[in-house]
Structures are given as structure tokens and as C-alpha cells.
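Thank you all for coming. Please take a moment with the sequence and the picture before I start to talk through them.

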Amino acid sequence: DYSSSPFASTSSSSYVSAEEESHNLKVMAISMIVAMLIFTIFTAYQVSENPDGIYASCCRLSVTVVACILKGLLTPCRLICCKPTGHHIVGSDYREPYRGRRGHMELT
């Protein structure tokens with residue numbers, strides 16, 4: 001008998017209307033966008049002010065991990081569509097792909 005289950009009852013206090021749910025989703029989306037904007041500005045500031053710090057290192061690590069995962073996922077497409085190229089020479093500085101010509105981080 002499912003009538004004794006706590007999930008079987010639908011009282012008016014636990015019911016959320018579609019309009020209220022839509023409003024809650026809009027508020028949540030706006031707050032997430034604002035938080036992402038704030039964290040993006042904070043990340044850019046930290047990386048520009050302290051490029052050798054732990055925060056910048058974690059950002060470089062996360063970008064490298066995401067690039068590695070995407071490269072692994074897209075390998076079949078690259079093998080089908082593109083010609084294989086030669087190997088790339090890795091520079092001596094671990095921050096080389098993230099730096100501009102004068103050694104300053106490029107934020108554009």
C-alpha cells in the first residue's frame with residue numbers, strides 16, 4: 001500500500017508552482033553568473049600580480065588537464081580529418097605557453 005508512504009501525499013505546502021520554480025531558476029542563474037564574473041576577475045588579478053604563486057599554478061594545471069582531456073576525446077576526429085604533424089619542441093620554461101614575447105602574461 002503506497003498511501004502510507006511520505007512521498008505519496010501531495011500537500012499544498014510542498015508543491016512549488018511552475019512560475020515560482022521559473023523565478024527560482026532565474027535567480028539562481030543570475031547569482032551563478034555574478035559569482036563566476038567575480039571569480040574570473042579575481043583569477044585574472046591573482047595570475048597577473050603573482051604569476052609564480054599557488055593560485056596561478058593551479059590555474060595552469062587545470063587548463064592543462066582540461067586540454068589533455070579534450071585532446072584525448074578529440075583524437076579520433078583529428079586522426080580522421082587532419083594530417084598528422086611532427087612533434088612540438090617543449091621549451092625549458094614551464095610557463096612558456098602562457099607568456100607573451102616579453103615574458104609578461106598576456107591577458108587578452
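This is a predicted model: local features need pLDDT of at least 70, side-chain atom pairs count only at pLDDT 80 or more; totals for chains, interfaces and linings use all residues.

Let me begin with C68, which is exposed, since its relative accessible area is 54%, and exposed here means over 50%, while buried means under 20% and partly exposed lies in between, with a 1.4 Å probe and protein chains only. C58, in turn, counts as partly exposed at a relative accessible area of 44%.

Residues are numbered from 1 along each chain as its sequence is written, and side-chain values use heavy atoms, with hydrogens and water left out.

Staying with the cysteines, the structure holds zero disulfides, a disulfide being a pair of cysteine sulfur atoms within 2.5 Å. C58 is in no disulfide, and the nearest cysteine sulfur, belonging to C59, is 7.1 Å away.

As for the overall picture, the protein chain has three helices and zero strands, where helices are DSSP runs of H or I with at least four residues and strands are runs of E with at least two, numbered from the N terminus. Of its 108 residues, 5% count as buried.

Finally, which kind of aromatic pair do F42 and Y55 form? The structure holds one aromatic pair, and F42 and Y55 make it edge-to-face, with 5.3 Å centre to centre and 75 degrees between the planes; rings of Phe, Tyr and Trp (its six-membered ring) pair if their centres lie within 6.5 Å, and planes under 30 degrees apart count as stacked, over 60 as edge-to-face and the rest as tilted.
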